[in-house]
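Let's take a walk through this structure, from a ligand site to the packing inside.

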Amino acid sequence: MKKNLYIKTYGCQMNVYDSEKMATLLAPMGFELNESMNDADMVILNTCHIREKASEKLYSELGRIKELKIIRQTQNKDMMVVVAGCVAQAEGEEIFKRSSCVDMVVGPQSYQNLPELIAKAARDKKIVIDIDFPTISKFDSLPQAKVKGVSAFLSIQEGCNEFCKFCVVPYTRGEEYSRPTMEVYREALALASQGVMDITLLGQNVNAYNGLDESSQVSNLGKLIKMVAKIDGIKRIRYMTSHPRSMHDDLIDAHGTCEKLMPFLHLPVQSGSNQILKSMNRKHTIEEYLIHIEALRKARPDIAFSSDFIVGYPGETEEDFQKTMQIVEEVNYAQCYSFKYSPRPGTPAAIMSNQIPEDIKSERLLRLQNLIAAKQSAFNQSWIGREMEVLFEKNGKYKGQVVGKSPYMQAVHLSDGEKYLEKIVKVKITKSIANSLDSVVA
Ligand code: SAH
Ligand code: SF4
Ligand code: F3S
């Protein structure tokens, strides 16, 4: 019997990837993905715990779901509510206490058990929880996801051993695990056979990838990228998220020699101050970070960078913050994400005594975001009149208009472009508007 499945995904690309896997895993049980929550037989919330705001989204959504579930029950229909992802891992049983409509809590390392857990919940009519970190990899038991479109994510590494003092990821995703190179290669082949051209290799600490190759030797991300690049159908390769500490020569070489590796790298630095980096346990200095940037620019002169920044980390002085502003000036980022420091339960920074008042955090964030916006706009403007290759992925807002992705992840519009859908086309940039570019075929 066909059942409606609704999945809502929060947080990072890893969650997007996991949600696709969950949907594929549940399809043989009769679950069909549906856009609307109202008539869902099962709702999965794939959650994020990274900042307080991200976490709280779960509970406001559960409030809404509870009402829907009650309405369905009056119609004699059930709705199974599953909380998955990083909040599930971090809060576990607490979730049942805070919200009575939840039937199941399942952590990111246990998705392969979902069919069994669902059967158990339905049979016993009891709440079910699975937040173990199993010894066998979940990747072995998850099916190949069916993807739509020409871009896809591929998880190659999960978990993090870095323990930055502000971050929950090592606790929610567990220890670093890298998939063997052949497993990644086979999944990339399968994606290519579904028409995928643009692939993003994912990992919480992706450039620390150390999966085993065919001869059981430890490989690295640089080598893996070159391997994936051999697949004809794959035209563009990206990877995220990297730690500056794990940049290595093979990877820099891949940037210099592998045409398919896009000239855009998200390399989060978090702060421009060595003092703060040290207190965050980032294990590198600003000088070392800049050496990587320089080496990457030398290998691939057209490369552009993005970063994440945290402002108002415990103990951050105005002087530290100025150093963050300076690094944005110096690297000339094409784009950046920036956040106010959010104390997370169980992380060392949350109990540091020198917390920064909220108003100072807000004020610093505003200054930083203004600078970042100016840099992004300058980068976009610099493309006006120049040519670039764009992969057009979907229809735009206006009739005949299509939208694509530039090598630098900018959204690029093209009018009367339907015949270019799912193709890489050389265009000339004519205009830069807010966060996107307009183009004509070159
Ligand atoms: N693995 C990635 C990032 C994972 S989290 C890395 O090492 O960069 C994504 C971003 O969220 C981080 O880069 C950081 O800027 C931000 N972040 C993580 N914990 C945070 C916290 N407690 N408060 C505010 N921002 C945080
Ligand atoms: Fe979190 Fe640091 Fe690991 Fe990134 S490297 S996931 S910020 S602990
Ligand atoms: Fe959020 Fe977990 Fe990703 S905390 S950012 S969903 S790894």
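A residue counts as near a molecule if one of its heavy atoms lies within 4 Å of it. By that rule, ligand 3 has Cys12, Asn15, Thr47, Cys48, His49, Ile50, Cys86, Arg173 and Gln204 around it. This shell splits into 4 nonpolar, 4 polar and 1 charged, where Ala, Val, Leu, Ile, Met, Phe, Trp, Tyr, Cys and Pro are nonpolar, Asp, Glu, Lys and Arg are charged, and the others, Gly among them, are polar.

Some housekeeping: this is a predicted model, with local features needing pLDDT of at least 70 and side-chain atom pairs pLDDT 80 or more, while totals for chains, interfaces and linings use all residues. Residues are numbered from 1 along each chain as its sequence is written, chains are lettered from A and ligands numbered from 1 in written order, and side-chain values use heavy atoms, leaving out hydrogens and water.

Now for the cores. A nonpolar core is a set of buried Ala, Val, Leu, Ile, Met, Phe, Trp, Tyr and Cys residues joined through side-chain atoms within 4.5 Å; buried means under 20% relative accessible area (1.4 Å probe, protein chains only). The largest one has 51 residues, and Leu221, Ile225 and Tyr239 touch the most other members. Helix 12 (residues 318-331) gives the most to this core, 5 residues; helices are DSSP runs (H or I, at least four residues), numbered from the N terminus. Apart from that core lies another, of 23 residues, including Tyr6 and Met79.

Terms used: Buried means under 20% relative accessible area, exposed over 50%, partly exposed in between (1.4 Å probe, protein chains only). Helices (H or I, at least four residues) and strands (E, at least two) are DSSP runs, numbered from the N terminus.
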